Amino acid sequence: MTGGAATSVIGRARALASTTLRAVAHDRGAVAAEFAVALPAVVLVVLLTSAALGACATQVRLQDAAADAARLASRGEDPGRIAQPVAAIGGTVAVGARGDLVCVTATAEAGIIPVTLTASSCALDGGR
């Protein structure tokens with residue numbers, strides 16, 4: 001390679017490097033902008049997932065409270081005592097009879113999700 005050819009290759013390499021640096025300089029801040037656009041969507045998904053898990057936990061607690069209320073109703077407890085386990089969750093109770101069973105239907109709000117949760121449980125009527 002002669003001196004002129006080497007200078008030409010070095011000149012092209014410098015031109016390519018300069019062009020690449022300019023392209024990178026134009027992309028500066030692109031990651032931050034993409035992150036700023038994606039962050040609200042990620043936060044929304046996390047909040048909705050958290051709310052759904054909270055609603056599931058409330059449903060399990062409501063079902064357990066309905067079973068406790070059904071056992072209390074089957075023993076002939078007073079209505080205030082029957083409603084106490086469900087009221088601790090913030091729900092309401094409806095007591096009914098089905099043959100020789102006492103059934104309790106409990107309802108409560110899910111929290112920030114606008115859904116009404118319902119749980120029902122029955123116990124053998126032994127106290128009436």
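Me: How many disulfides does the count come to?
Reply: The count comes to 1 disulfide, where a disulfide is a pair of cysteine sulfur atoms within 2.5 Å. This is a predicted model, in which local features need pLDDT of at least 70, side-chain atom pairs count only at pLDDT 80 or more, and totals for chains, interfaces and linings use all residues. Residues are numbered from 1 along each chain as its sequence is written, and side-chain values use heavy atoms, with hydrogens and water left out.

Me: OK, which cysteines form it, and what's the handedness of the link?
Reply: Cys103 and Cys122 form the disulfide, with their sulfur atoms 2.0 Å apart, and the link is right-handed, with 105 degrees about the S-S bond.

Me: And what does the pair tie together?
Reply: Cys103 lies in strand β2 (residues 101-109) and Cys122 in strand β3 (residues 116-124), so the pair ties together parts that are 19 residues apart in sequence. Strands (E, at least two residues) and helices (H or I, at least four) are DSSP runs, numbered from the N terminus.

Me: Is Cys103 buried or exposed?
Reply: Cys103 counts as buried because its relative accessibility is 4%, while Cys122 is partly exposed at 34%; buried means under 20% relative accessible area, exposed over 50%, and partly exposed in between (1.4 Å probe, protein chains only).

Me: Switching to Thr58, where does it lie and what does it touch?
Reply: Thr58 lies in helix α2 (residues 30-74) and counts as buried at 12% relative accessibility. Leaving out residues up to four places away in sequence, Thr58 touches Ile89, Glu109, Ala110 and Leu117, a contact being heavy atoms within 4.5 Å.
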